[in-house]
Amino acid sequence: MESISPAFLDALARGLGVTRVARVTGLDRTGVEVACAVRPGGHVLQVCNGKGLTFEAAARGALFETAELWAAETVRPERLRWGSRTELERTGDTVWGVESLGSAGAVVAPRLAGPAVRLSWCEARTLAGGGRVWVPAQGVYCPPAGTVELGPVSVAWTTNGSGAHPESDAALLHALLEATERDQLSRALPEGWSEEGVVGRMLRPETLEDGAPRTAALRDALKAQGFQAYLFDVTPAPRTRGRVGLPVAAAVLVDADEGPVPLTAGYACAMDRDEALLKALLEAAQSRLTDIHGAREDVAAADREAALGFAQALSEVRPRREVDAMPDAMDRRAKTAAAKVRTVLSLLDGAGFKQVAGVALDAPVPGLHVWKVVVPGMRVSELL
């Protein structure tokens, strides 16, 4: 487990305006540690959650997620460049228009961001060669009203592809894996949870012991508390266009007692299958607490009857897929975050994602790195 000093995390909390990191684990019975970072001055969200096998990991995750939002909300005007795409290209600069944002946001009004429309741009760097490219600031930032203007609103901003960490490469790796997860999920389950997707992708539980031992241990602990965990390989099929080859997992956690939150789901992409499955299951447990504590502004009411119906359908499936069928991209020699970033970039290139850029955002305290990645051609799954 990585070691980050409590003093650094305390300084980070103060810099973010976090008034409390609350341990909300006891509000549920899963035993999965969940922490809430409360930031009264937050614009996008005032409460961010983190999860983990320990409270320290959960608290760290909550603070890093808060830092991602802080960085998106905090825009120094000197980092922006105003002009139309045509004007910028006349100077010889490389410019990616809103249609190239991909992972960074969906275009909702193309006419408001045409080649002649003046808007604000921010500088990104291609991750393969370090070349400069200008991208629409609306895909990177989400400032509060009345602070910094970014131009006519044409993009639905999203947190997708963000990462924060004291180590720059670790923050970048997180951002790349998150963007990949959401793109690959949209390709594996383009229509959402269909019968074919459930039946064909559910993993045989007995294969977890050897193929994903850490996930198996958490599954067993959850079962002892009255939960049934269903795990899925949602990596796109081998011949799917845009298949990256990283393991992508989904977990559905069902409350056997049919309590107020009968079913939640989680998704994850990682370098190895056990890590992906474990993170997906942890996220499913965190999602329960997000609903239970009720402090998130972006939580919609679930359809209870639909959830119970889905749970019943899951219980009737006889899974056929084995855990070893999931890809495992972990190169045992790639022990550093920098080496893992290179592996991911190579896989993205092989999948047809030839252009990948990153914006190093401002951070609230020295020693923290926050990245936002822009990958043209990537999609964002509606399941999330």
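Val 248 stands opposite Cys 269 in strand S12, within a predicted model in which local features need pLDDT of at least 70, side-chain atom pairs count only at pLDDT 80 or more, and totals for chains, interfaces and linings use all residues. Residues are numbered from 1 along each chain as its sequence is written, and side-chain values use heavy atoms, with hydrogens and water left out. Helices (H or I, at least four residues) and strands (E, at least two) are DSSP runs numbered from the N terminus.

**Sheet S10-S11-S12**
- Three strands form this open sheet in the order S10-S11-S12, with antiparallel pairing; two strands pair if DSSP finds at least two bridges between them.
- Strands S10 (227-233) and S12 (263-269) are at the edges with a single partner strand each, so one side of each has no neighbour in the sheet.
- From one strand to the next, the twist averages 20 degrees.
- Seven bridges join strand S11 (residues 248-255) to S12 in the antiparallel sense.
- Helix H4 (residues 168-188) lies across S11 and S12 and runs at about 120 degrees to S12; axes are lines fitted to C-alpha atoms, for helices over the stretch in contact (heavy atoms within 4.5 Å), and angles run from 0 to 180 degrees between N-to-C directions.

**Sheet S1-S2-S3**
- A further open sheet of three strands has the order S1-S2-S3 and antiparallel pairing.
- Its edges are strand S1 (20-23) and strand S3 (47-52), each with a single partner strand, so one side of each is left without a neighbour in the sheet.
- The twist here averages 25 degrees from one strand to the next.
- Strand S2 (residues 33-38) pairs with S3 over six bridges in the antiparallel sense, and Val 38 has Val 47 in S3 as its bridge partner.
- Helix H2 (residues 55-73) lies across S1, S2 and S3 at about 145 degrees to S3, while H8 lies across S2 and S3 at about 140 degrees to S3.

**Helices H7 and H8**
- Helix H7 (residues 213-224) packs with helix H8 (residues 273-293) at an angle of about 25 degrees, their axes being 7 Å apart.
- H7 is therefore roughly parallel to H8, a term for angles under 35 degrees.
- Residues making the contact include Leu 218 and Leu 222 of H7 and Leu 278 and Leu 281 of H8.
- By class, the contact has seven nonpolar, one polar and four charged residues; Ala, Val, Leu, Ile, Met, Phe, Trp, Tyr, Cys and Pro count as nonpolar, Asp, Glu, Lys and Arg as charged, and the others, Gly among them, as polar.

Definitions and conventions:
Angles under 35 degrees count as roughly parallel, over 145 as roughly antiparallel, 65 to 115 as roughly perpendicular and the rest as oblique.
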